[in-house]
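Hi,

Here is the structure I promised to pass on. Have a look at it first, and then read my notes below.

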Amino acid sequence: MADKSALTLYKVRKTTMEMLADRGYIIPHKKLAQTFEEFKEGLGDDRFLTMSATKDDDSHDKRILVFFPEEEKLSQDHIKNYITKLHDNDILHCILVVKGKITPSAEKMIREFESSLTIEVFNEKEMYVNITRHEYVPKHVLLSNDEKKELLKRYKIKDFQLPKILKGDAIARYLGLKRSNVVKIIRSSETAGKYITYRLCI
């Protein structure tokens, strides 16, 4: 693998691991801290094209698989293969980090399985740099259901009265937000130290 391609895969995998960690999945520090030179030493087998992670809870998406397809375009048959792998491993959630595009029929198949499986698609270009690490991007934290209930009770409001964040927003996609989720946004403030707001995902 050429250095340029290896560097792309290294950066994309690193951002993906950071994203999983930010979603609450357990990612060993050793993997997050891996250097490019260490990464290159292990190149050459298929384990770099698949990643798995687990949460330390009983949520429906406790386990997740991440695939890094080598194909430039994903077809319906490719999606079928990934769905089979999910079923074989009894996992309900996966992420595809693709190099190019996926066909309309593949997109349709993903939508058809939305009720039983969660299949997220990111492009390599989106994952080359971790947007949440930019100095001007405030920290976003997904609230648990209990935290959301407490927030609404404290301010005596309904969730639809909160400011909104679109499900397709880059940060919402990074965190894997679903409709009705509430995210806490923490900004630095010269006067207050921290300025906290909340947004409802729609």
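Let me start with D90, which is exposed, at a relative accessible area of 64%. For that label, exposed means over 50% relative accessible area, buried means under 20%, and partly exposed is in between (1.4 Å probe, protein chains only). D90 sits in the loop between α4 (76-88) and β4 (93-98). Its phi is near 55°, a positive value in a residue other than glycine. As background, most residues other than glycine have a negative phi.

Before you go further, some bookkeeping. This is a predicted model, in which local features need pLDDT of at least 70 and side-chain atom pairs count only at pLDDT 80 or more, while totals for chains, interfaces and linings use all residues. Numbering runs from 1 along each chain as its sequence is written, and side-chain values use heavy atoms, with hydrogens and water left out.

S180 also has a positive phi, near 85°, and is not a glycine either. You'll find S180 in the loop between α8 (170-175) and β9 (182-189). S180 counts as partly exposed because its relative accessible area is 38%. K178 is in the loop between α8 and β9 too, and is partly exposed at 31% relative accessibility.

Now the overall picture. The protein chain has eight helices and ten strands; these are DSSP runs numbered from the N terminus, with helices being H or I of at least four residues and strands E of at least two. The radius of gyration is 18 Å, close to the 17 Å that the globule rule gives for 202 residues, so the chain is as compact as a globular protein of that length. (That radius is taken over C-alpha atoms, and the rule is 2.2 Å times the number of residues to the power 0.38.) Along the principal axes, the C-alpha atoms fill a box of roughly 55 × 40 × 30 Å.

Of the 202 residues, 39% count as buried. The chain exposes about 12600 Å², and carbon and sulfur atoms supply 50% of that; the areas come from the Shrake-Rupley method with a 1.4 Å probe, and for residues only the protein chains shown count as cover. If you take contacts (heavy atoms within 4.5 Å) between residues at least 6 apart in sequence, 69% of them join residues at least 24 apart. On charges, there are 37 positive and 31 negative ones, and their mean positions are 6 Å apart. Lys and Arg count as positive and Asp and Glu as negative, with His and the chain ends not counted; each charge is placed at NZ of Lys, CZ of Arg, CG of Asp or CD of Glu.

R133 deserves a look in your viewer. R133 lies in the loop between α6 (124-127) and β7 (139-142) and is partly exposed, with a relative accessible area of 47%. Leaving aside neighbours within four places in sequence, R133 is in contact with E18, D22 and Y174. The side chains of R133 and T132 are joined by a polar contact of 2.8 Å. By polar contact I mean a pair of N or O atoms within 3.5 Å; within protein, one must be able to donate a hydrogen and the other to accept it, and residues adjacent in sequence count only if both atoms are side-chain atoms. R133 and T15 are 118 residues apart along the chain, yet their C-alpha atoms are separated by 9.9 Å.

The T197 side chain makes a polar contact of 3.3 Å with the side chain of R187. Not counting residues up to four places away in sequence, T197 touches V183, K184, I185 and R187.

Last one: Q161, in the loop between α7 (145-155) and β8 (164-165), is partly exposed at 48%. A polar atom of the Q161 side chain lies 2.6 Å from the backbone nitrogen of K158. The C-alpha atoms of Q161 and R199, 38 residues apart along the chain, are separated by 9.4 Å.

Cheers
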